[in-house]
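Dear colleague,

Please find the structure below.

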Amino acid sequence: MRIASFNVENLFERARALDPSHWETGRPVLERQARVNAVLGRPEYSDDDKAEIVDLLDALGLSASDAGPLAVLRQNRGHLLTRHPDGRVEITASGRADWVGWVELTKGPVDELSTRHTGQVIRDLAPDVLGTVEVEDRPTLKGFSRVVLPEVGAPAYEHAMVIDGNDDRGIDVGVLLKEGYEISAMTSHVDDVDDRGAIFSRDCPEYAIRGPGGFRLLLLVNHLKSKGFGSQQANDARRRRQAVRVAQLYEAARAAGEDHVAVVGDFNDSPESKALEPLLAGTDLRDITESPRFTNDGRPGTFRNGTKGTKIDYVLLSPSLFAVTSGGGIHRRGVWGGKNGTLWEHYPDMAGPHQAASDHAAIWADIEV
């Protein structure tokens with residue numbers, strides 16, 4: 001059985017602010033959108049709140065219209081503001097009870113070659129169980145499997161599943177399963193909270209998978225808090241809370257009798273980080289890269305050009321799975337990386353970063369079952 005994790009960076013449609021080729025423009029947009037929605041969610045708007053909302057809407061290009069190049073103001077019921085002929089914007093709502101709406105990011109199509117190259121990576125890797133990161137939704141993942149994969153010479157997957165998570169940008173986690181594998185149960189953790197509030201930026205779904213011969217695998221798919229925007233201290237703290245919770249879920253599964261557990265995904269941090277310590281050092285999970293049967297190509301990282309500090313994608317295995325590992329590796333093909341946009345490995349028709357399958361490499365493990 002081959003288990004893999006792959007951050008596909010969306011399949012057909014992606015928030016324009018997440019475009020890696022315009023990251024310097026997009027990053028502040030993400031920060032402003034998150035901030036304005038936080039203020040808009042308050043029960044009452046003070047004068048300072050209203051002034052901040054006006055400033056944030058202006059910075060998002062929404063002063064003159066509800067539709068901007070990278071963001072859209074949705075006013076579904078009631079009204080947040082009045083735009084005066086002199087260009088002045090006045091917040092007329094006194095709080096959340098006066099209107100229903102939010103600011104969301106505009107989306108654009110992913111380059112067709114990028115989607116094709118994503119399919120080629122999956123074709124070349126051919127995992128039986130694939131944890132997918134940054135997928136739009138289940139219909140998209142299912143459509144990609146049924147349409148794109150056969151076009152590049154790969155069979156469609158028998159099952160595709162995505163549970164909507166907490167991120168409104170269409171970057172959820174999911175799973176693809178080959179014929180002979182099926183989901184017998186699944187549990188979402190989108191509503192998990194601790195004393196600081198919601199834990200997961202997306203979700204940490206648990207998939208109980210039944211494979212050939214009745215083999216049972218419990219798969220936890222993750223996309224932990226990124227370093228992309230916000231303060232490093234806050235991001236690290238959120239990621240550590242998530243790592244603590246994933247470790248708790250793993251320990252609970254083991255205590256309930258689950259021997260074959262894999263925790264996969266984009267953890268957005270390197271193995272030596274304090275944020276991931278509760279999961280990587282606080283449990284008996286083993287990273288596939290530690291196996292003597294893992295194929296080391298000299299680059300330990302999984303992001304862009306694969307340097308040591310960019311090991312952020314993982315396949316972690318419970319002891320019983322790690323003991324029967326027969327191989328593993330990092331699949332570099334289709335990745336665009338490096339500070340100057342240099343290619344690590346690519347397909348012949350890949351001409352630039354917008355045509356890459358992803359700036360993440362897929363990581364995989366082979367298990368003898």
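Two strands are taken as paired if DSSP finds at least two bridges between them. Helices (H or I, at least four residues) and strands (E, at least two) are DSSP runs, numbered from the N terminus.

This is a predicted model, in which local features need pLDDT of at least 70 and side-chain atom pairs count only at pLDDT 80 or more, while totals for chains, interfaces and linings use all residues. Residues are numbered from 1 along each chain as its sequence is written, and side-chain values use heavy atoms, with hydrogens and water left out.

**Sheet with S17 and S18**

An open sheet of 6 strands has the order S11-S14-S15-S16-S18-S17, with mixed pairing. Its edge strands, each pairing on one side only, are S11 (182-187) and S17 (286-287). S17 and S18 (residues 313-317) run antiparallel and are joined by 2 bridges. Across from Arg-286 stands Leu-317 of S18. Helix H5 packs on this sheet, touching S14 (206-210), S15 (216-223) and S16 (261-266), and its direction makes about 175 degrees with that of S15. Contact here means heavy atoms within 4.5 Å. Axes are lines fitted to C-alpha atoms, for helices over the stretch in contact, and angles run from 0 to 180 degrees between N-to-C directions.

**Sheet with S1 and S22**

Another open sheet of 6 strands, also of mixed pairing, is ordered S9-S10-S8-S1-S22-S19. S9 (159-162) and S19 (325-331) are the edge strands, each pairing on one side only. From one strand to the next the twist averages 15 degrees. S1 (residues 2-7) and S22 (residues 362-367) are antiparallel, with 4 bridges between them, and Ala-4 stands opposite Trp-364 in S22. Helix H3 (residues 112-125) packs on the sheet and touches S1, S8 (129-135), S19 and S22, its direction making about 165 degrees with that of S1. Helix H4 (residues 138-151) lies across S8, S9 and S10 (172-177), at about 155 degrees to S9.

**Second largest pocket**

On a 1 Å grid over the protein atoms alone, a pocket is an open set of points where a 1.4 Å probe fits, with protein on both sides within 12 Å along at least five of seven lines; lining residues have an atom within 4 Å of a point. Of its 21 lining residues, Asp-167, Arg-169, Lys-225, Phe-229 and Arg-238 lie nearest the centre. H1 (23-40) and H5 (232-255) each supply at least two lining residues, and the largest share, 5 residues, comes from H5.

Regards
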